[in-house]
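Visitor: I would like to go through this structure with you. Could we begin with the charged pairs and then move on to other topics?

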Amino acid sequence: MTEMITVKELNKSFGEVRAVRGISFSVAQGEIFGFLGPNGAGKTTTISMLSGLLRPDSGSITIDGMDMASRGRDIRRIMGVIPQEIALYDELSGRDNLLFWGGLYGLAGGDLRDQVDRALELVELTDRAKDAVRTYSGGMKRRINLCAGLVHSPKIILLDEPTLGIDPQARIRILEVVKGLASEGRTVIYTTHYLEEAEQLCDRIAIIDEGTVHASGTLAELVELVGGKVMVSVTGDFSADEAKQVLGEAEFDHISDGELRVKLLDRDQTGRLLGGLFSAGLHVDGVAIREPSLESVFLQVTGRELRD
Amino acid sequence: MHAIWRIASCDFRLTMREKSAVLWIFLMPLAFMTFFGLSFGGSSGQTPKATLTVENNDDGYLSGDLISLLAGENYYIQMSDTLPEGRDPVRTLIIPERFTDDVLGREKVELALVRDRGSNRNAGEAASAAVIRSIARLISGLIEIENGLVNEGSGSIAVRGDSLYGSLLLVTREQPGMAAVLEERIDTMLVRPANITVVSERAGKGVEIPRGFQSSVPGSLVMFVLMTMLFSGSVLTAERKDGVLRRIGMSPAGKGDVVAGKLIGRIFVAAAQIIFLLAVGKFLFRISLGSSPGGLFFLMLTFAFAMGSLSILFGAFLSDPDQVTTIGVITSLAMSALGGCWWPLEVVSAPMRMVAYCLPTGWTINGIHRLISFGMGTSAVLPHIAVLFLFGLVFLVLGARRLKWDV
Ligand SMILES: Nc1ncnc2c1ncn2[C@@H]1O[C@H](COP(=O)(O)OP(=O)(O)OP(=O)(O)O)[C@@H](O)[C@H]1O
Ligand SMILES: [Mg+2]
């Protein structure tokens, strides 16, 4: 596998805020690499550095064998970036937008028009191509936003939360498109804070929070990290000490007054756990059982839940 | 290059398809030209009555003839001894003692035209020209009369007029005892049209304070090109804000391409506006565009470059589009008023005129008047073009250095 993207020890601060702290990773050609992280994790900052928009404070970025510091413009030529916000000319039609953005990458004439038509078909917007983007629905805007970064057939595609705030149908369409792009041999970096998206779409995932990659690998590798254990969360009217006394030997992930998380080898052990609590007369309000999943991995490596 | 062109043409199209922009770029200036043109004296080419104060120390009759000739020059003649209290003369013609006697006695005569510091240069030149014209007519009359007298066996009068500001030298030969004859013949001469016309070189096709459409067309042209350029600054800020500029920054286009593209797009808009408004001026308001319309267009384009650069500076420094619009309005109104777009610079005081020449608008207005009102060639506005270009360059460098992809 050829490495398309290699990032080493990337750092970026905005004044006091250390947005990205020593991020390293590499992505192979044709791979979909996911960045999973909550708001403010540093996803957009990383994408901005990868696209040459922001200069890192330190660290190196090599893309398709080219160093970002010296060959930024050449890199940008083979890269398509889909920004988090809908960054388009509202007043222009979808088609005119694509003609403009494609044109910026040096396409012209019939070649440009063909590519625009192809991109419009890809996101199923051919029918509305003549209307001003202003008149599009949220999902359509997302789709045209995606397609504006694809007109020039980039080898490398950076997508920054491309499904933010849209209905499930439009999301499915976008995920299909991204899968298709990777199957054509394009390299994709995909940031999201949706666990399911990362699970379904990405070949490898980096869990990022507070500017740091906490864990990375394939889904299977990440699940392995939590030891393939079931996570049981219990909430109720008990103190941390009471619970500890009752469940002495259990493997606690977290314990505080009224809340505890325990790792179990399989879910059948949940009954015994709850039985112990009940028989000690502790009041239980709620129980949640999580199969080994990205969610539990996330919880474990970052110590907090990722909420949609 | 490719990216520059893409950005420029996209910006141009975006501006042109906006209805409010078209209103401000093409229709409002028309309304202003009409309104100000009519309220500043209607038809073009009509010379205003400027005041010339005359201090007459002569007790002969020739000075009176000179004064009536001057009055015929479309001057309002104010005698210095009847000057209303508290009013200072702007420019004064001093007729020396013994003017009549010396002229007729072939002595050297000096007429002084004194300008107040605050008086306008162009108007001053117009006054000098008028004085010279009047004297020439007086002299031509004298020559004619004397020729008649020569035929009757008398001498001749030699004439030499020189510098624009200075004095006039009259040399006559002794003709004793002719006063009565002369006086009578001069009176007859004065009721006939002149047969000598002096045209001073600087004065060209009549130095006059531009008024009517001749003033309102250039004034509105400059003001609205300025507004068009400065309003475009808010678009740049908006693009920084809504992420469009960031997205452009992620393409192969560099910051230099973006600045160049944005600037060229604005200059395209200005070019369309300038061509439209000059055509309207020429064919609708029937003003003269002078002898070098090409130079006029280029001067305006340089002005658009300077103000387009200023808009990029505003767009780069401010982070709220509304703020850019507000500052754009204030700046364009102030620069229009101070630069002479609303009223001729000829009517403002000297310090205000100094202010005008610190502004790109002042330079542009002055340049336009040189070209269309004074009929000068493009070479006369090369300094103006150079100054405007420098203004633009400074704004551009500051703006480009400051410009960020986002807010
Ligand atoms: N231009 C900037 N100036 C100052 N701080 C910034 C800037 N851009 C990002 N930050 C800060 O850096 C941190 C990371 O921000 P970033 O936008 O990279 O997060 P993100 O993972 O993309 O979040 P989200 O999911 O909300 O888009 C945040 O604390 C943010 O406030
Ligand atoms: Mg983000």
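This is a predicted model: local features need pLDDT of at least 70, side-chain atom pairs count only at pLDDT 80 or more; totals for chains, interfaces and linings use all residues.

Visitor: Which side chain meets Asp74(A) in a salt bridge?

Guide: The partner is Arg71(A), with an N to O distance of 3.2 Å.

Visitor: Where do Asp74(A) and Arg71(A) lie?

Guide: Both belong to helix α2 of chain A. They are 3 residues apart, which is about one turn of the helix.

Visitor: Let us turn to the two chains. How many salt bridges does the rule find across the interface of chain A and chain B?

Guide: There are 3 across that interface. In one salt bridge between the chains, Glu85(A) pairs with Arg246(B), and the closest N and O atoms are 3.7 Å apart.

Visitor: Which elements of chain A supply at least two residues each to the side that touches chain B?

Guide: They are α1 (43–50), α2 (68–77), β6 (79–82), α3 (94–104) and α5 (138–148) of chain A. The largest share, 6 residues, comes from α3(A).

Visitor: How do the residues on that side of chain A divide by type?

Guide: The side of chain A that touches chain B has 18 nonpolar, 7 polar and 6 charged residues.

Visitor: How many residues does each chain bring to the contact?

Guide: Chain A contributes 31 residues and chain B contributes 25 residues.

Visitor: What area is buried between chain A and chain B?

Guide: The buried area is about 2400 Å², and carbon and sulfur atoms give 61% of this. On the chain A side, Leu53(A), Tyr89(A) and Leu104(A) lose the most area to chain B, together 28% of what that side buries.

Visitor: A change of topic: what surrounds ligand 1?

Guide: The ligand is surrounded by 13 residues, the closest being Gly40(A), Lys43(A), Thr44(A), Thr45(A) and Glu161(A). These 13 comprise 5 nonpolar, 6 polar and 2 charged residues.

Visitor: Which element gives the most to that shell around ligand 1?

Guide: That is α1(A), with 3 residues.

Visitor: What lies 2.8 Å from an oxygen atom of ligand 1?

Guide: A backbone N or O atom of Gly40(A) lies at that distance. An N or O atom in the side chain of Gln84(A) is also 2.8 Å from an oxygen atom of the ligand. For the side chain of Thr45(A), the distance from an N or O atom to a ligand oxygen atom is 2.5 Å.

Visitor: How much of the accessible area of ligand 1 does the protein cover?

Guide: On its own, ligand 1 has 620 Å² of accessible area, and the protein covers 64% of it. The elements that give two or more residues to its shell are β2 (17–28) and α1 of chain A.

Terms used:
Residues are numbered from 1 along each chain as its sequence is written. Chains are lettered from A and ligands numbered from 1 in the order in which they are written. Side-chain values use heavy atoms; hydrogens and water are left out. Contact means heavy atoms within 4.5 Å. Buried area is the accessible area (1.4 Å probe) that two parts lose on being put together, summed over both. A salt bridge is a side-chain nitrogen of Lys or Arg within 4 Å of a carboxyl oxygen of Asp or Glu. Helices (H or I, at least four residues) and strands (E, at least two) are DSSP runs, numbered from the N terminus. Ala, Val, Leu, Ile, Met, Phe, Trp, Tyr, Cys and Pro count as nonpolar, Asp, Glu, Lys and Arg as charged, and the others, Gly among them, as polar. A residue is near a molecule or strand if one of its heavy atoms lies within 4 Å of it. A polar contact is a pair of N or O atoms within 3.5 Å; within protein, one must be able to donate a hydrogen and the other to accept it, and residues adjacent in sequence count only if both atoms are side-chain atoms. Accessible areas come from the Shrake-Rupley method with a 1.4 Å probe; for residues, only the protein chains shown count as cover.
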